[in-house]
Amino acid sequence: MPLSVLAAPRADAAGGPTVWILDATDRPFTSTTPPGRAPTEIELYAARNAYEGAQILVRSGSAQTGVSVTPGALTGPGGAVISVANITTRYEYNHPNIQKVGNVQNPPDGGTAYYDALMDNTPQPVAANTTYAAYYQVYVPAGQAPGVYIGNATVNSSLGAVTVPVSVTVYSATIPPTSQSTFKMNNWFSSAGWDYAGTEAAIPNVYGVQMYDANWWKVETNIAANMARHRNNVIYADAVALLIPDTTVDAAGRFTFGWSTFDRFVNLFVSAGAMQYLYTPTLLEPPASDPQLDTLVPANGVSGAVKHVLCRPDSAAANGCPDTNNWLNQLFPALKAHLDAKGWTDNFYMSALDEPTTAQQATAANWLYTQYEKYFPNPRTNEAQLTNFTGNAAHLSTQTPLTSNYDANVALYQNYRISGKDLWLYSCILPQGSYMNRFTSNHLSATRLLSWLTWKIGGDGYLHWGWNYWHDDFSPPYPAADTFNTWQTGDHWLVYPNKAAYGIYDSLRSEAQTAGLQDFELLQQLAAVKPQAARTLAETLITNPTAYDLSGWNVEGRHKQLLDELASATGDLALPFTDDFSGGDHFWTHTRGAWSTSGARYAQSDAAARWGDVSYLRGRGYTDVSVGVDLQITGVSSFGGSTNWAGLMVRSANGTDMDSGYLIAQRNNGQVFVYRSGTTIGSASVPGYVPGQRTRLRVVARGNALTVYSGTGQAPVLTVTDAAFTAGDVGLVTGGASANFWNARVMPTSLAPAESAAVTASSSYEADGWGIRSAVDGQRPSAPNAAGWSSSGSVETNHTEWVRLDLGSTRPLSRVDLYPRGDGANAGQGFPVDFTVQTSTDGTNWTTVSTQTGYARPGATAQTFPFATVTARYVKVTGTNLSRDQFGAFRMQFAEIEAVGGDLALGRTATTSSSVEYPTEGWLTANLTNGTHHTDLWNSSGWSSAGAGSPNTTQWARVDLGGPSRISQVTLYPRDDIPNTGRGFPSAFTVQLSADGANWTTVVSTPGAAA
C-alpha cells in the first residue's frame, strides 16, 4: 500500500452522525464522504495575531435537524485561555449554480454546487446522505502565551451530540498588524466613484440605502472592519468622487476643495486598523481609443456645487469641460497639501489607467503622470496590466501584471523589479486554465498560494478587482444579484452581503486568501533568518504559476513547518545533493524538453528545443552554493548553431524558467556566459575547448559574486558581481542544443566552507591537472584534469610545506578531512608522514587541533581528523615530514581538503534494516541525511521501514559519518505532514555510536527499548 495513503487516516464517530475534520484549505462538498481513517480531532498551528481554521464535516444516512457547532474555550500553559470570544463557528452555504472556470475542482457527484459563503451559526436541517460543513476558526491574540491549548467543540444534531477535541499550538512568532504588513493587498471594493456606475450602485442596490446616508456609512464601517480582519491594507478610495459633497467652484473655475467626506471615509479604515496605503481608482476612463479624464464641473453649469464629468485629457475648456491642465494643476497641489497634513502622502497610490493597451492611453497617461509628478516627486503609482503594455512604464513605481502575463514575460517584469520597482500580481476573470486564481470552482490552495507565488518571484502585492461587485453583469440599472443562488464564477465578488446587519459574510475563499497573507508574513520573517529554509518550503508547494500543490493538507503542513523553523534554534536548512543519475530522474522536475536517463547519463535529447528547457531540483532552495556538472553538447539547432549552449541555473525564483535567476552556460563555440533576465552580464572563452567535448562546468554563488569554472583550467574563467537574485532553485538547462549531463553536485557553501575557499600554499605545482584551486573544487577523487594540489618546492630533500584555506567567515568546525590522491597505484602517495592541522580566527594566531606523526601511507579514502568544536575562519595543514611521489620527489599532495562542522550526517551514506523505497512518493533511505527536516509528500517524504504486523518489530537506521567524529547530539526529525505529524516515530528506541560499524556503544535508551 503506498505510504501516501496515510495522509487520510480513518476514524468514525461513535454514535450519532459521522463527524470528521477537514483542513481549512481543502474544499468540501455535500457529496463528500469520509475518507479512510479520517481525522476526528482539530489540530491547529498558529502564530500570534493570526486566524487559524479547520472544517467540521457532518454526515448521516438519516435526515438531521438542528445541526450546528458550539465552540468551547481553550486552556493552555499556566492556565492561559483562548476565550470563546476569539473562536467562531459558521456554517458553509451551498451555492447551487457555480459556473466552472479555471483549474476546476469537481464535486464528487459532478454537480455545480459549491460551498463558499460563511454564514451565522444558526441550526440547519441536513438531508440524509448529505455532508454539512462548518468552518471553525480561532483567533490568537498578539499577546497570547505560546504553548498548546486544548478544549472541545460540540456538534449539535437531532441524532445526538458529538464532541470534537481541539488543540491549538501557539508559537511565539507574531503576525504584524494589518496596517504594518509587508504585503500590499488591494481588493477593489465599492464605495463612491470608481466607475460612477455599477461599482457605485452595488451597495445602495443590495442594502437598500442611499449613498452617504447613515446606513451607507454603516456598511462602509463594516467593510473597514472586514478589511482589517482580512489583511486588506490597500484602501481603494476615490479621491475625486469623495470630494464632490464638500467642494465648490466659482464662475472663474477656481475650486475650493472640501475634504470632510474624504477624511471621514479614510478614517473608517484608519480606525479599523486596515489602512496602510490609499489607492485612488483610475483617473482615465474608457474608451481605450479616446481616454477620458475624471473631472469636476459646476453642477448648475456656472458655479457652486460640483458634479463628475468625463473630459478629454490635455485639452482646453470646451463643451462643458474645463481646461484639463488647469483642473489637474488645481487638484494635485490641493491633494498633496491635504495628504501632507494628514501624514498620508508617502502611502498614496495614483493610478491613471486600468488594463491599458493603446497608444492613445499611453499618451494620456504620460501626460497625467507628468502633471502629477510636478507635485508628487517619486510617487507611488500603479496600474492593473492585462498585457505587457510598456507605453507609460517609466512613470509606474509598481508593475502589476496578470499572472499569466508575468509568466509569459518573466524577464521583463524581473528587470522592472531589479530596477527598483515593486512587483505585484493581478487576476480577474483571467487567467484561467491551470493558473492560480480565486474562482469558486477552483481548489482553495490556488487562492491561498497566490501570496506564496508573489513571495517566490520577489513581489510584494496582489490586486483583484472584484471584492463586492454584486451585479450579474455591467449593464444599467445594475440590479442587485442574488449572490447566493445566481450563476456565478466568483470573479465579481469574494464576499457576500449580510443585508440584515448591513454587514459582510466571509467566504472560504476570503479566509484562504487571508491565510496566504499570513503565510507571506511568516515567509518574510523566516527569510530574514533562514533564507534557505524559507525558499525550500515555498519550493515544495510551487513549481511555477501553473504547477502547484492542490492539497490543502500539504499547504497547511508547510504553514506548520514555517512556524517550526521560526521556533527552532537550529541553523538554516542546508541541502547537499549529488546524483549520478543511475536511479532515474525522480529528484528532477521539467515541463519542457526531452529529458531521460540512461545508466549514469542524464540527457536532454531535443537539439531543436527552445532556449530554457530546464530540469530542476524540486523542493530545494539555495542561497550560497557550489553547483557542478559534467556536460557534453551533443547537437545544436540550425538556428544559432555553435552559439547554442547547455549549462546550469542557480537561484531561480521558479525552477522551470530561465529568466528569474542566473543561467551559467557553455556554448559549443567555447564561450561561457552568465545571463540574467534577458541580459548577458558576463562572458569568457574557455581555453582549449573543442565542440562536443565532455567538460565540467561549475559555479560558486557566494553573496553577490558568481565564480565560474570550466574546462581543464584550475582558475575561474569568469567572475561576475550581481545582486538581483539571492536565493532560489538549482537546475540543468539547454538552449537550442541537445546535451548529456553526468555527476551533478550541489553543495551549500555553509556545509563545505572549504570548497572554493581562498587557498594559499608554501608552493604549488600548476600543471598536469595539479593546481592550488583543485584542492577545493569539490571533487574528492583525483581526476586527470583535477588531480588535486601538490607542493613543488625542494623536491630532492625532505622539507616543510603548508596549505592554508580562508573560509570567508568564522564558523563552527569539528573535523578536517584530507583526501589523498587516488589515481590507481599512486593512491596515497604524497600524503605527509608528520603534520599538524591548525585553525585560526584571524590568519595570524593559530591553534593546533590535530598532530600526527609517523602517519602511514593511506589508500584513496578520506583521512578524518576530528577535534572539539572550535570557531574558525582559517584552516592550515603543515607537513613537516613528507613522503615521496611515484617519481621519488618529496611532495605534499591532497586531492581535496574539507573542513566540516555542525550536522555531520548531512549527505552521508545511510543504511537500514528495511525500506519501502518509493521514489515517486518521496520515501527513500537517502532522505535520512538529505538535510530536509520536513515531510514533503511525493518528493522528499523521509524514510520509512517496511510495514510489519507487530508493533514489537525491530528496525534500525545507520549513518556512516565518513570518518571518526566527535558527537555531542543526535537529532531525529519525525514526519511532520498534517494530519500525520509524528506517525511512525518509534515508541521505544536506542541511539548507539561506533568507531568501526561493528562494536556499538548505547548512548540513549528510551523506556521499553531492547537491551
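This is a predicted model: local features need pLDDT of at least 70, side-chain atom pairs count only at pLDDT 80 or more; totals for chains, interfaces and linings use all residues.
This section describes selected strands, a helix, aromatic contacts and a pocket of the structure.

Residues are numbered from 1 along each chain as its sequence is written, and side-chain values use heavy atoms, with hydrogens and water left out.

Helices (H or I, at least four residues) and strands (E, at least two) are DSSP runs, numbered from the N terminus. Strands of a sheet pair through backbone hydrogen bonds, either parallel or antiparallel; here two strands count as paired if DSSP finds at least two bridges between them. An open sheet of five strands with parallel pairing has the order β13-β26-β25-β24-β23. Its edge strands, β13 (184-187) and β23, each pair on one side only. Two bridges link β23 to β24 in the parallel sense, and Ala384 has Thr400 of β24 as its bridge partner.

Helix α7 spans residues 410-418, and its residues Val410, Ala411, Tyr413, Gln414, Tyr416 and Arg417 are buried. Buried means under 20% relative accessible area, exposed over 50%, and partly exposed in between (1.4 Å probe, protein chains only). The buried residues of α7 are covered by elements including β23 (384-385), β24 (398-401), α6 (403-408) and β25 (422-427), where contact means heavy atoms within 4.5 Å. Gly420 follows α7 and has a positive phi, near 115°.

Strand β44 (residues 729-735) is largely enclosed by the rest of the structure, because seven of its seven residues are buried. In a regular strand the side chains alternate between the two faces of the sheet. From β44, Asp729, Gly731, Val733 and Gly735 point one way, and Val730, Leu732 and Thr734 point the other way. Strand β35 (residues 611-617) runs antiparallel to β44 and is joined to it by five bridges, with Val614 opposite Val733. Strand β37 (residues 645-652) also pairs with β44 in the antiparallel sense, over seven bridges; Ala646 stands opposite Thr734.

The structure holds 56 aromatic pairs. Rings of Phe, Tyr and Trp (its six-membered ring) pair if their centres lie within 6.5 Å; planes under 30 degrees apart count as stacked, over 60 as edge-to-face and the rest as tilted. Phe835 and Phe865 form an edge-to-face pair, at 5.4 Å centre to centre and with 85° between the planes. Phe835 lies in strand β49 (residues 834-840) and Phe865 in strand β51 (residues 863-881), so this pair ties together parts that are 30 residues apart in sequence. Phe835 is buried, with a relative accessible area of 2%, and Phe865 is buried at 3%. One aromatic cluster is formed by Trp188, Trp194, Tyr236, Tyr277, Tyr279, Tyr349 and Trp424.

The second largest pocket has a volume of about 1,200 Å³. On a 1 Å grid over the protein atoms alone, a pocket is an open set of points where a 1.4 Å probe fits, with protein on both sides within 12 Å along at least five of seven lines; lining residues have an atom within 4 Å of a point. Grid points are joined across faces, edges and corners, and a volume is the space filled by probe spheres set on the points. The lining of this pocket comprises 39 residues, with Phe577, Thr578, Arg780, Gly907 and Arg908 nearest its centre. Elements giving two or more residues to the lining are β31 (577-579), β45 (737-748), β55 (896-900) and β56 (909-912). The largest share, four residues, comes from β45.
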